[in-house]
Amino acid sequence: MKTFDFTVSSVGIFLTDSQKEVLRSLSDRRLIVIFFEKINSLFPGIPFFTNVSFPENPKAEFIEANKELDFLYAVTDKLPPSISGDSDFDEAFFAYFTGISPLVSLELTDILLKRHIRYLAQYSYSENLPKGIVPYFISREFVSTLPDTVATTAHDYLMKNLNNYDVEIFFQEPDLRQYRLDFSLSDSRSLKSTEFFIEKNSRIEYKEILDTIVNNPNGFRLFPSYIEMEIYRGCESSCSFCPRQFISNDKDGAYLSLSFFEKFLKDLADTFPYPVTICFGGMGEPFLHPEIKSILNLVLNYPHLKELIIETALYKNITEEIKSLAGIGNNFQKLSLIVNLTTLNESKYKSIYQNKTSVKSILDQIALLTETIPKSNLHVQMIKMKEVEEEIESYFTHFEKLGINVILQKYNTFAGLMPEKRVSDLTPIKRDFCWHLARDLYINSDANVSICRQDPDDHIGNLKDDTIFTIWEKGMQSFSESIKGNHSKTNAPCLSCDEWYTFNA
């Protein structure tokens, strides 16, 4: 039997358009230098292929490819011919990085490589490590099976066809998947997070990351990515699942002015010039705002807007407001509407919402909206609670036939403020940190910022007096206690809340 070396033949580094954009924003190329120093140490003397030219690694061969599939085909074409002598086994494989990864672990990459070789795998990857800690190891055999029509990434394709390949899956403690870490410079958060850890220790190993986060929560809680704004306080409904029925409504009629938005968005752009999702929600109907058209136009033209979500009961006709926005260009595509419609039964609707409209009226408006808004940007939301449990299936069926997305929202007691109506309790057994303390800001109609949307009356500042940076920093102590597991010390109703694990953006 012919003997042969089953060893890595080359390194492929593919960057998406968003990763290329991040690289162009770098004033300091230190992260790239560190990355190439590490992979040159890991894989000395073998060819490197990239779809971006890097002066930091001039020996890397440039492959012009904007699509991952084209890049993978080109890299495998450059692999050496198989010498195994076995028609059923092609030993050629390469290390594959999807991004620049300065935190790549020398130790764990070596372990994964040895496992790939030991078990003659066609594809090896980590099950739980953050992106950028180890590469993939991919064989020519695997790439040759990728159809040229595949619309996903190669890894997503593998996950859907896992049983068709010899795969080595690597798991390493601690399991940090709940932190949603990414060290491949894929976006602004990934870049800022990577910079933080590199600044702490350019040779930091994976086993040190969790302690570093716990002891330095500002390296994880970098900037807000989801801002919920109660642009108008007040509503014409009296919904049984809304906390408005259990609090004072003496602030009804208050709203955030157009001039406030102009100042706020400027401060936000100057302080945190990163992609952000803005939600018009809170304890009010956004379309009752007297300046709603102007505010929508202003926010949709905010240069760092990722998405604008509007939560509406749709009892007010909003067709004209939406049509007036259609001419603003591509930013209109960033608008998403969530229609709060928990039941399709007229009598139940009257009982739950207690307003003057009807299910038929709302469905007619939804039909009109689909003529202006792409259906992918229009959602109906059903609160999963006891009153409507038996109609969940028929509700989904109705809107699936119309091609409209359904959001099945968990019932929220607002930390015990409201009666228990949950159909089931899906709260994880182990209580981890709160995602909302980590990434959200909740702004009331009087510009007060709450530490948590579950307790809107507990404020950490007012945006008419304080900068967004000052207020964001005031929330750091609460998150620090949350990530340390000191949930009774967060100054928020954490121990009575089951919303901590839900994730907005």
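Helix H14 and its surroundings

Author: Directly after helix H14 comes Gly 403, which has a positive phi, near 75°. Helices (H or I, at least four residues) and strands (E, at least two) are DSSP runs, numbered from the N terminus. The model is a predicted one, in which local features need pLDDT of at least 70 and side-chain atom pairs count only at pLDDT 80 or more, while totals for chains, interfaces and linings use all residues. Residue numbers start from 1 along each chain as its sequence is written, and side-chain values use heavy atoms, with hydrogens and water left out.

H14 spans residues 392-402, and its buried residues are Ile 392, Tyr 395 and Phe 399. Buried means under 20% relative accessible area, exposed over 50%, and partly exposed in between, with a 1.4 Å probe and protein chains only. These three line one face of the helix, because they fall within an arc of 65° when seen down the axis of H14. The arc is that of the directions from the helix axis to the C-beta atoms. In an α-helix there are 3.6 residues a turn, so residues three or four places apart point the same way. On the other side of H14, the exposed residues include Glu 393, Glu 400 and Lys 401. The cover over the buried residues of H14 includes helix H13 (359-369), strand E12 (378-384) and strand E13 (405-410), where contact means heavy atoms within 4.5 Å.

Helix H10 (residues 292-300) may be described in the same terms. Its buried residues are Ile 292, Ile 295, Leu 296, Val 299 and Leu 300. They lie on the same side of H10 because they cover an arc of only 125° around the axis. The partners against which they pack are helix H9 (258-271), strand E9 (276-280), strand E10 (305-312), helix H11 (319-323) and strand E11 (335-340).

The wider setting is the nonpolar core, a set of buried Ala, Val, Leu, Ile, Met, Phe, Trp, Tyr and Cys residues joined through side-chain atoms within 4.5 Å. The largest such core holds 133 residues, of which Phe 43, Met 229 and Phe 280 touch the most other members. Its largest share, 7 residues, comes from H2. Apart from this core lies another, of 25 residues, among them Phe 71, Tyr 136, Val 150 and Leu 158. Leaving aside residues up to four places away in sequence, Phe 43 touches Val 8, Val 11, Phe 48, Ala 95, Phe 97, Thr 109, Leu 113 and Phe 137.
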